[in-house]
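Morning, everyone. Please have a look at the structure on the screen. I will then go through its contacts.

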Amino acid sequence: MRAARRKGLGPLVLIAPAAVLLGIFLILPYLNIVVMSFRMPGQGTPYGPGFTTGNYTKFFADSFYLHQVANTLWIGLLTTAICLVVGFPVAWQLARGTMRFRALAYGLVLSPLLVGIVIRSYGWTILLGNAGLINRTLTGMGLIDRPLPLMYNALGIVIALVHVFLPFMILPIMAGIQGVDPSLESAARSLGASRFTAFRRIVLPLCTPGIQAGCILVFVLSLSAYVTPSLIGGLRVKTMAVTVVDALIDTFQWPWGSALALMLSVTGALCVVIFARLTRMKWKVARP
Amino acid sequence: MTEVSIERLTKTFGTARAVDGISIRIADGEFISLLGPSGCGKTTTLKMIAGFEEASEGAIRFDGKDVVNVPAEKRDIGMVFQNYALFPHMTVDQNLAFGLEMRKIAKPEMRSRIAKVLDMVQLGGYSERFPNQLSGGQQQRVALARALVIEPKILLLDEPLANLDAKLREEMRVFIRDLQRRVGITTVYVTHDQAEAMTMSDRVVVMFGGRIAQIGAPSDIYERPENLEIAQFVGQVNLIKGTIIGAAEAGKRRVASVFGEVAVDSREDYAPGTAVTLSLRPEAIELRPEGQGGAAGKVTARYYSGSIIDYRVALDSGETLHVQTFPNIRIAEGDRVSVHAPADGFWLLGAAK
């Protein structure tokens, strides 16, 4: 009896701390946001009495905000794609390279995480600004007449986000590749497949879960990034996250900010679901 | 049908010579084992034949054509890996079809070839299973089928039975050997297990430290080893001190030892009076109750293991013998015994060091 009871309670006890944390700090605030997004705008107060769907009609009526959502998604997609292209070869080398190389590369990959995000983003403003290092060097060399527009646009944000989030792409992919037995490639080649075919038909499908995880992580992080877009985009280019913070903190419109935040969450989640469906594994690892 | 010729094949890693100038000629349809302890270069040799490892020097010829610069996928080999290396995201059928797709074999022929090979490895009903739904032995047979279905020139096996339990391993030895005979494919088999190499191969290549120590039929290796190291690697061996007396009939030398004067098989000639080492296999020795001639000694230990009994016998002359007999003689620990060894149980290993 006691053993059975313990067995039943065990898992509950184990997940309880995480469940409590999630409940208090994620689910409750989310519910609060949902409720808040239907409240009336306030007059000199964060929100007024009564409920309305006005925040949402405002959102869908104004192409400015839809455009901003599209812009945010576009920045997220671009960041994810570049991270994937840049990160995959690094992850490959980390997973399959020689030991000495691995130690060094590990350090390099993790190094961006060791410096605070604010400092890193400021660093990028020094590099990307009109009087920044890159533009000064290029003008100095006589390669360009005018500074390149690297800051206060989507390009600058994407460059900085790639730098910040690259480790989140590399590490899951590396783990994925490490999970693929190298002798599978040898087997494929012994059966007549070229290196490329062996990679495409065998390695790639098997490390898809790692690639999925990396892409989803980077995409979600990019959508919700605030510090980097606000520092590098400035007032010129705003992502949804920046606009949400503006609404909540600067202009004190809690219902409007909540609606915006929810729309960002919903579109982001939709994108992730669509991505997961598209890259869904066509095989299932059946258990005996 | 392919003849393989390996000439002065060498592989260096930095300054280390993993494979050091080995030459082997493998006849068409022959089953050859590369046998040796880990690190002896046997797997590196196999990888060079397969094309996964570049040869530093030397040639590998398939039917006279040097393939050293041919990439693995163009060598037309079938390979079975120690861990089977089945594609986990493909069914048995898809695993087998992979090599045929690479060869652009038409669908109907593909189907019939897969069915035929699956039948051959007795996995007829398993084509829709995924590898992890199969037992180790079944996975092993799928790996064999996948290597054979492409009808390669050469079959390469890299310790394929190492991950199976003892009973299954013995079954699979016979299975692989029979299959190889039926298909008639030239086969190179890498193993560190001497019993495996002996039971399956036409010839065994014993390797130590990147070099070939001896090439020969299993009986040759076992009964006429070139040196002590080989003798000890392929089985248990008792070392007996002896002195050359003179020549005996064809290829034999008369040697005096604790077992009296015997005519012993030898590869080389030695001057009378030379101190030599004889090898004597444990299973060649016969124990009789005390007082029946031979060398006198006492049983110090007895290990019963069903099909055989192992004895340790301390001879009065000071040597310790390891003896294996059928369990039909009842000699107990502590008994005094007469130890007999037939002349053909001895082999002259070489001059004593």
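Start with residues 4-234 of chain B: the end C-alpha atoms lie 25 Å apart, and the span is 37% helix and 26% strand. Helices (H or I, at least four residues) and strands (E, at least two) are DSSP runs, numbered from the N terminus. An unreviewed UniProt entry annotates residues 4-234 of chain B as "domain: ABC transporter". UniProt positions are in the numbering used here, feature names are shortened, and annotations may be inferred rather than shown by experiment.

A word on the source. This is a predicted model: local features need pLDDT of at least 70, side-chain atom pairs count only at pLDDT 80 or more, and totals for chains, interfaces and linings use all residues. Residues are numbered from 1 along each chain as its sequence is written, chains are lettered from A and ligands numbered from 1 in the order written, and side-chain values use heavy atoms, leaving out hydrogens and water.

Now the chain interface. 24 residues of chain B are in contact (heavy atoms within 4.5 Å) with 24 residues of chain A. The two chains bury about 2,100 Å² between them, 64% of it on carbon and sulfur atoms. Buried area is the accessible area (1.4 Å probe) that two parts lose on being put together, summed over both. On the chain B side, B:Glu73, B:His89 and B:Asn132 lose the most area to chain A, together 29% of what that side buries.

How many salt bridges are there between chain B and chain A? Two. The rule is a side-chain nitrogen of Lys or Arg within 4 Å of a carboxyl oxygen of Asp or Glu. B:Glu73 forms a salt bridge with A:Arg189, the closest N and O atoms being 2.6 Å apart. Strand S6 (77-80) and helix H2 (92-102) of chain B each supply at least two residues of the side that touches chain A. H2(B) gives the largest share, four residues.

The assignment, automatic or from a database, gives domain 1 (4-232) and domain 2 (236-351). Ten residues of domain 1 and eight of domain 2 make the contact. The two domains bury about 940 Å² between them, 46% of it on carbon and sulfur atoms. B:Tyr222, B:Arg224 and B:Ala231 supply 55% of the area that domain 1 buries there, more than any other three residues.

Two salt bridges are counted between these domains. B:Glu226 forms a salt bridge with B:Arg267, with the closest N and O atoms 3.9 Å apart.
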